[in-house]
Structure formats: C-alpha cells, structure tokens
Amino acid sequence: MSKWVQGTVVGRRDWADNLYSLQVAAPEVGFAAGQFARLALPAPPGAPEPMLGRPYSFVNPPDRAPHEFYIVTVPEGPLSPRLAQLRAGDPLWLLSTANGFFCVAEVPAADVLWCLATGTGLAPFLSILRTPEPWQRFGRVVLVHAVRRACELTYRDTLAEIAAAHPGAFTPVSMVSRETHPGALAGRIPAAIEDGRLEAAAGVPLTAANSQLMLCGNPAMVDDAKKVLVARGLRRHRRREPGQITAESYW
Ligand SMILES: Cc1cc2nc3c(=O)[nH]c(=O)nc-3n(C[C@H](O)[C@H](O)[C@H](O)COP(=O)(O)OP(=O)(O)OC[C@H]3O[C@@H](n4cnc5c(N)ncnc54)[C@H](O)[C@@H]3O)c2cc1C
Ligand SMILES: NC(=O)c1ccc[n+]([C@@H]2O[C@H](COP(=O)([O-])OP(=O)(O)OC[C@H]3O[C@@H](n4cnc5c(N)ncnc54)[C@H](OP(=O)(O)O)[C@@H]3O)[C@@H](O)[C@H]2O)c1
C-alpha cells in the first residue's frame, strides 16, 4: 500500500518568475520514466485529509538521484504557491509509489516519436529521453516545447545533453506564443501541425504510417492537437485498439 514518505529538498533552480525546479532526496520512491509522483505538504488546519498533495512528473531518469520536479506556480492554487516557498533543507512528502501510464513502453514502435509539450509538460520527456528505450524503438525523436515567453524555454542544457548522446536522431523544436523569438516557431502546436510548419522545422513528415505522438501539458492543447491529428487520419492509441496518439493532461 502507498504511504507518505518524508523527502528533503536538496536543490532548487529558478528559471523565471513562478517557474522553478526542485531536487528532492527520497531514495525509497521508485518510478518508470514518464510517471508522476504525488508531492504533498501538511494540509491546513480543519482540512479533511492530513496532507495536501498533487501529481508532479519526474524529470530525472529512474537511475539518477536526486528526484527532480519542474513546477509552475499557479498563484490562486492551494498547493503550488506553498511548494514555491521551499528551499534546500526543507521537508517535502511523497507517496511511496509512483503512478501513470505515460511511458514509452505503452507506445507502439514507429519511425518517428513526436513529443509535444506545453509549459511544464516538458517534464516527463526529460526523463523518458534520458533512458535507452525510445532510442531503441524509434528512428527519430522530435521534442516540441511550446511556451508563452522565451524565458520559459528551459532545460536547454539537458536537451543539448540528449542531442549529444543521440547524434542525428534528436530534433528539439521551440515554440513561443506571446512574443517573437529567433529560432522558435510562433503560435501554438495545433496550428503548426495543421499548416505544416512543425514538419518543416523537424525535417520529417507526420503521418499515421510513420509517427507516434505523446502529448503532455495543457488539456486544451491536447484536445486541439488531437482534432488536427484525427483530421490527418491518426487516432488515439489504446492497448486493445492501437493508434498513434498518447496523451497526459495536467488538469
Ligand atoms: C499527471 C499530472 C502530472 C502533473 N505534473 C506536473 C508537473 O510536472 N509540473 C507542474 O507544475 N504541474 C504538474 N501537474 C499539475 C499539478 O498537479 C498541480 O495541479 C499544479 O501544481 C497546481 O496545483 P495547485 O494546488 O496550486 O492548484 P490546482 O487546484 O491543482 O490547479 C488550479 C489550476 O491551475 C492550472 N494549472 C495546474 N497545473 C498547471 C500547470 N502545470 N501548468 C499550467 N497551468 C496549470 C489549471 O487551470 C488548474 O485548474 C500535473 C498534473 C497531473 C494531473
Ligand atoms: N507563463 C506565464 O507567463 C505565467 C505567469 C504567471 C502565472 N502563470 C500561471 O501559470 C499557469 C500556467 O502557465 P503556462 O504558461 O506554464 O501554461 P499554459 O497556459 O498552458 O501555456 C503554455 C503554452 O500552451 C499554449 N496553449 C494554451 N492553450 C492552447 C491550446 N488550446 N492549444 C495549443 N496550445 C495552447 C499557450 O499558448 P497561448 O499563449 O496562445 O495561450 C502557451 O504557448 C497559468 O495558468 C498561470 O496561473 C503563468
């Protein structure tokens, strides 16, 4: 049975206002790349449950400690503003078991794996792409990180590490929706699929025959991208009814 274990914040990296990563030592918590932890702090007095917890995707690959989480503060939310106060040395609680099926093992093999992320939806891909499995099952991997502002194009050092480990097989693509940024596509993911800009930037076609897609982040992006992909003849992947689209929505 899953229970709360006490971890310790051992590091923190601030990327932009309200956007940061926490490193957390909690060696007893294991996971598969793509899964999420439940992070918690003691609930306020009078709350029905003793702990206030929310899911957060692991950023680190399973064989690398400490655990890492990539978090945006939702100012009106109950937990994320409290997590934003944490500093090295502070306690943080995690459920002892990880959860989720947003894992490459669930995705059929194909020529191209498209990883489409908005905002902190980048997190599970940083874990997945630092394991051997995607590179054994897909010829090419395209990772799209779509954000509002250029300062939210984070983890460029990790993306460079992935590119160096897999020369010729990895194409990162940046998108910025609320300002112009050199080297980044403008606008949103679904429009860039629809008008062909994403395929042009990646240098590979996106078809039902050659591609698998993993989508993570804003549920409106997941819904809108699915519509564009379905219009191209792709469909949701299910174990009993294989398709090309696997998604995880963050709310
Ligand atoms: C499977 C899963 C994995 C997740 N992994 C992460 C992660 O790695 N990093 C992360 O920051 N969050 C992640 N989340 C969201 C996270 O669990 C919390 O919902 C979020 O931190 C806000 O918590 P809150 O208690 O402050 O507000 P909540 O009451 O949980 O959320 C309030 C509102 O904030 C918005 N919101 C919540 N999360 C996000 C987000 N990540 N980006 C943009 N808007 C958001 C939504 O409009 C939501 O309705 C994940 C959620 C799920 C379901
Ligand atoms: N990022 C910030 O500047 C900021 C500042 C303060 C607080 N916050 C808090 O953080 C939360 C998350 O912000 P976030 O920027 O990380 O996440 P987000 O709102 O999900 O935005 C990330 C990217 O997803 C895009 N997107 C939104 N809806 C889409 C759709 N239907 N289809 C395709 N793409 C879509 C956005 O484009 P668009 O830009 O076109 O919407 C943006 O490029 C906010 O709800 C807010 O509470 C954020």
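**Notebook: the two ligand sites**

I began with ligand 1 and found 19 residues around it, the closest being Arg54, Pro55, Tyr56, Tyr70 and Ser80; a residue counts as near if one of its heavy atoms lies within 4 Å. I note that this is a predicted model, in which local features need pLDDT of at least 70, side-chain atom pairs count only at pLDDT 80 or more, and totals for chains, interfaces and linings use all residues. Residues are numbered from 1 along each chain as its sequence is written, chains are lettered from A and ligands numbered from 1 in the order in which they are written, and side-chain values use heavy atoms, with hydrogens and water left out.

**Entry 1: ligand 1**

I looked up the polar contacts (pairs of N or O atoms within 3.5 Å). An oxygen atom of ligand 1 is 2.8 Å from a side-chain N or O atom of Arg54. For the side chain of Tyr250 I read 3.4 Å from an N or O atom to a ligand 1 oxygen, and for a polar backbone atom of Pro78 I read 3.5 Å. Ligand 1 alone exposes 870 Å², of which the protein buries 77% (Shrake-Rupley areas, 1.4 Å probe).

I then listed the elements, taken as DSSP runs (helices H or I of at least four residues, strands E of at least two). Those giving two or more residues to the shell are β4 (51-57), β5 (67-72), α1 (80-83) and β12 (245-249). β4 has the largest share, 4 residues. By class I recorded 12 nonpolar, 5 polar and 2 charged residues; Asp, Glu, Lys and Arg count as charged, and Gly is placed among the polar residues. Domain 1 (4-95) and domain 2 (104-249) each give at least three residues to this shell, with bounds from an automatic or database domain assignment.

**Entry 2: ligand 2**

I counted 20 residues around ligand 2, with Glu152, Ser177, Arg178, Arg188 and Asn218 the closest. Its oxygen contacts include 2.6 Å to a side-chain N or O atom of Ser177 and 2.8 Å to one of Asn218. A backbone N or O atom of Val147 lies 3.2 Å from a ligand 2 oxygen. Ligand 2 alone exposes 860 Å², and the protein buries 80% of that.

β8 (138-147) and α7 (219-231) each supply at least two residues of the shell, and α7 gives the largest share, 3 residues. I recorded 9 nonpolar, 5 polar and 6 charged residues around ligand 2. Domain 1 (4-95) and domain 2 (104-249) each contribute at least three residues to this shell.

Methods:
A polar contact is a pair of N or O atoms within 3.5 Å; within protein, one must be able to donate a hydrogen and the other to accept it, and residues adjacent in sequence count only if both atoms are side-chain atoms.
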